[in-house]
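Try each task yourself before you read its solution.

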Amino acid sequence: MTAWTYGLWAFAAGVLIPAMAILNGGLGRVLGSPGWAAVILFATALVASLAVAAFSGAPDLTALANARPEQFAAGLIVAFYVLSATYLTPRFGVAPTILLVVVAQIFCASLIGHFGWLSAPRQPIGLLRGAGVAMMVGGVILTQLRPSH
């Protein structure tokens, strides 16, 4: 794959995040439970993931012994995100929820890359990257300001 292909794939995933948040938030309201909406989302995701995984062959489960314990925390993190988005989106709004999530992701990703945390490749925060992150934070602030009447 090329960098363009990866970029388009990442863009498509990003486009779907607000839709997922509002759809699952609506399901949470219908069910009266953000928790059960998240369970249904994860059950559906499990079926879809199993279908994709079936095409890649059987994994070497003995390799799990080489995984570090913190690598399993990703499941807890995604559960926290989905539960948060499911609860917040219908109450706080899709735009504020997703905007704050995205800015937090960019800020945290920049720090992870800068310091090489969690075995990430190091990508130092230079002047341009720092300015870009600052502009994103400023953009969220501007989009959330309410004109006084």
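**Exercise 1.** What volume does the largest pocket have?

*Solution.* Before we start: this is a predicted model, where local features need pLDDT of at least 70, side-chain atom pairs count only at pLDDT 80 or more, and totals for chains, interfaces and linings use all residues. Residues are numbered from 1 along each chain as its sequence is written, and side-chain values use heavy atoms, with hydrogens and water left out.

Step 1: a pocket is an open set of points on a 1 Å grid over the protein atoms alone, where a 1.4 Å probe fits, with protein on both sides within 12 Å along at least five of seven lines; lining residues have an atom within 4 Å of a point.

Step 2: read off the volume (the space filled by probe spheres set on the points), which is about 460 Å³.

Step 3: 18 residues line this pocket, and I77, F80, Y81, V101 and Q105 sit closest to its centre.

**Exercise 2.** Which helix gives the most to that lining?

*Solution.* Step 1: helices are DSSP runs (H or I, at least four residues), numbered from the N terminus.

Step 1: α3 (73–92) and α4 (94–115) each supply at least two lining residues.

Step 2: α4 gives the most, with nine.

**Exercise 3.** Is V39 buried, partly exposed or exposed?

*Solution.* Step 1: find V39 in helix α2.

Step 1: recall the cut-offs for relative accessible area: buried is under 20%, exposed is over 50%, and partly exposed is in between (1.4 Å probe, protein chains only).

Step 2: V39 has 42%, so the answer is partly exposed.
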